[in-house]
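I opened this entry to look up how the chains meet. The notes follow in the order in which I checked things.

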4 protein chains.
Amino acid sequence: MVAGMQSRDTPPTRAGGRPRSTEADTAILEATRQALVDLGWTKLTLGDVATRAGVAKTTLYRRWAGKSELVVDAVAELFDELELPDRGSLAADIEGVVLQFAALLGRPETRTALMAVVAESTTDGPLRERIRTSIVERQKRLVLEGRERAQARGELPVESDPETAGRTADLIFDVTAGAVVHRALVSAEPVDVEWAHRFTTLLLGGLAATTTAP
Amino acid sequence: MVAGMQSRDTPPTRAGGRPRSTEADTAILEATRQALVDLGWTKLTLGDVATRAGVAKTTLYRRWAGKSELVVDAVAELFDELELPDRGSLAADIEGVVLQFAALLGRPETRTALMAVVAESTTDGPLRERIRTSIVERQKRLVLEGRERAQARGELPVESDPETAGRTADLIFDVTAGAVVHRALVSAEPVDVEWAHRFTTLLLGGLAATTTAP
Amino acid sequence: MVAGMQSRDTPPTRAGGRPRSTEADTAILEATRQALVDLGWTKLTLGDVATRAGVAKTTLYRRWAGKSELVVDAVAELFDELELPDRGSLAADIEGVVLQFAALLGRPETRTALMAVVAESTTDGPLRERIRTSIVERQKRLVLEGRERAQARGELPVESDPETAGRTADLIFDVTAGAVVHRALVSAEPVDVEWAHRFTTLLLGGLAATTTAP
Amino acid sequence: MVAGMQSRDTPPTRAGGRPRSTEADTAILEATRQALVDLGWTKLTLGDVATRAGVAKTTLYRRWAGKSELVVDAVAELFDELELPDRGSLAADIEGVVLQFAALLGRPETRTALMAVVAESTTDGPLRERIRTSIVERQKRLVLEGRERAQARGELPVESDPETAGRTADLIFDVTAGAVVHRALVSAEPVDVEWAHRFTTLLLGGLAATTTAP
DNA sequence: TCCTAAGCGAGACGGTACGTCTAGTCTTTAT
DNA sequence: ATAAAGACTAGACGTACCGTCTCGCTTAGGA
């Protein structure tokens, strides 16, 4: 789950009156994902989501500012399902997470929503921030966990300078996530075991070059 | 230029009737790019583009099936401006093209449009094909040119198996384009000389690893 | 007024939700009449009516199925202004109502609209019924009132057979309304006091012939 | 036939060049009538008529100013089919022509077109004149022929004052045509033998009253 | 025989209105 | 105060016709 997500626009004052239905929240996010599957991003409408969730449109607008915000929350929950399984070696761990990520991008709701909200975010600062907070930064944990595990195994040296370490982690994250997304959605080619292996070889080879030669 | 682009839906038979205005085509594509700058993808409307181009809405719909197709053609022209400058070494060439690509993604019309049409293409097969034809496949030339030039310089061995060569080129393309896009649009961090240098080191290091070790 | 007109498409069930604005109704019908005056039937557009009434197009379409239905309701209100003044004799009463009807047909909104909706109704059954209900049947009251008054004065015998009485009333109605409309709109000649007098003489003479001779 | 109709906009100067196709004229008018049957007045479009006639739209616009003019010409030909059969008595003649007229109004092309062009003519002077010339005035011949025949039979006295005679003929024309049209199209009731008989009785009775009493 | 002016089919053009759809807001009654 | 219902303003959608135009081609009569 998206714990401590503090998403949505929390009501400022806690006063009297009928409390918000928590079931509505769940129903709306689930309905949003189903609508993404059925209709795709463009044809998804908030009125339709409201109907599917058995909720009034006003209830929806009371909680989210618009389509983009709603969809970010709906798909963020899916990204949290990603995890880094311990397969015994760094290479195997990377291959595993690449394939997991590819599987996530294979689901129609993620596929259509992810690029769309990123596109929206290019002209919408707050949305960009929401995406960073809810999705991007949260998933960098995978890189960090992988590195720690590899260092524990002795597969990677411990980088002393924290700034260099951070920049390297960012680079790995952009290269990995970017390559998988580009392969899957732009080139529209399959991300299979063979490709994951080839990519991992490239990444690890490059990583060695970055750490040895300044 | 987008030579021989055979885009749009060309009238099948060349019979009688007033011929289509080529000036209209130019005006529409230019107006589309300007509208992308001013309004972004979501707020761009075909009616507005038509007005800007001094053209009737019907003229627009006669040539393009919808917003996505139009925008793909409009931005495809920009991608054709990319070129691979000869900077003397493979590393310098890669850095150069990475920075060029980053500059292209820095332009608001490309920034907002590219992700949007890719998002659309996830639920629209013909559009996906159009993107591949007009943008993706066309730009792979940069990878191929770079490799040939490096082989001529003796920086890279000549790969004998054409299939392996093709797969490697595809991998390089996805990794490079994907990393730049992810860095620029998803992570929303600058793609500057320093990052380009670090990325190039990673890529060349990885490339060496892929070619030496199967 | 068009009391109890039960026109428009009344919402079937009375449940929750914001009630329809009655002010909008009034404004729309008035705007329709004004648009008929300014533009005539053909150039009248529902978008323009909506603008004049200060109302969104959807509000208009929520209440009426199309241009014809709207215009029927708008002019039906005018027909209800007709009344049968007591001028002391049957002949004078008839002349009076003929001139009133002619004056109504002289108003541009009625002039242009009446024939147009009748023309539409020839290929539109529901519309034909609406015209009958809202206009034709309602105005037959003038014939019935005139007859009752004449019978009270002793100018006309009381017809015992209700069916014969009904057929005669229908005939009088068709002849009178038809003659005035044809004179005013088809022949495009004035319906003045002189013509009204001549027509009344013809009608009353014919009426005597119908009642005496079977 | 509509002989000497001098309708359409004849080319002013007779110079060289390819002459207009007379087959096109025939085909267009026939196509117009068929389109009226199939689509009714409102949904009839000039483009569709052109297609049906196997003719280019420009050919159509070269000859007629618009939809109304075209339709007037197309239906005027049908009105010329009316004639006054000699049935031996004035009453029988009137009943005959009333039923003929009713039959004409029963045809869908006439039914939908007649009221429509009259409606148009209320805001279009030249069109009104065209209708008068092509249809109204042409059919008054039926009244005049009927009177002459009745006078020859001795059923009607010869009116000495030509002005009075003219006004009476106009009145009869408006009353008859108006009553039939109103019965058939507005009241939407059948014009059958029984009605025609009742109407004729009324008309002849009234006629006697007008001629005897000033 | 060629010339030339108009007619012709085809179809693109700038416009305008259509009737529908969605966005977000507002107004009602019920909880 | 929140909920469901649904009416409200605003405006884009994609389509259909309008009446005009621009093509290349045909069809005559006059030179």
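I count a contact where heavy atoms lie within 4.5 Å. By that rule no contact joins chain A and chain C, and their closest C-alpha atoms are 11 Å apart. I also found no contact between chain B and chain D, with closest C-alpha atoms 11 Å apart.

For the record, this is a predicted model, in which local features need pLDDT of at least 70, side-chain atom pairs count only at pLDDT 80 or more, and totals for chains, interfaces and linings use all residues. Residues are numbered from 1 along each chain as its sequence is written, chains are lettered from A in the order in which they are written, and side-chain values use heavy atoms, without hydrogens and water.

Next I took chains B and A. Here 46 residues of chain B are in contact with 46 residues of chain A. The two chains bury about 3,900 Å² between them, 63% of it on carbon and sulfur atoms; this is accessible area (1.4 Å probe) lost on being put together, summed over both parts. Asp174(B), Arg198(B) and Leu202(B) supply 17% of the area that chain B buries against chain A, more than any other three residues.

I then looked for salt bridges (a side-chain nitrogen of Lys or Arg within 4 Å of a carboxyl oxygen of Asp or Glu). The rule finds six across the interface of chain B and chain A.
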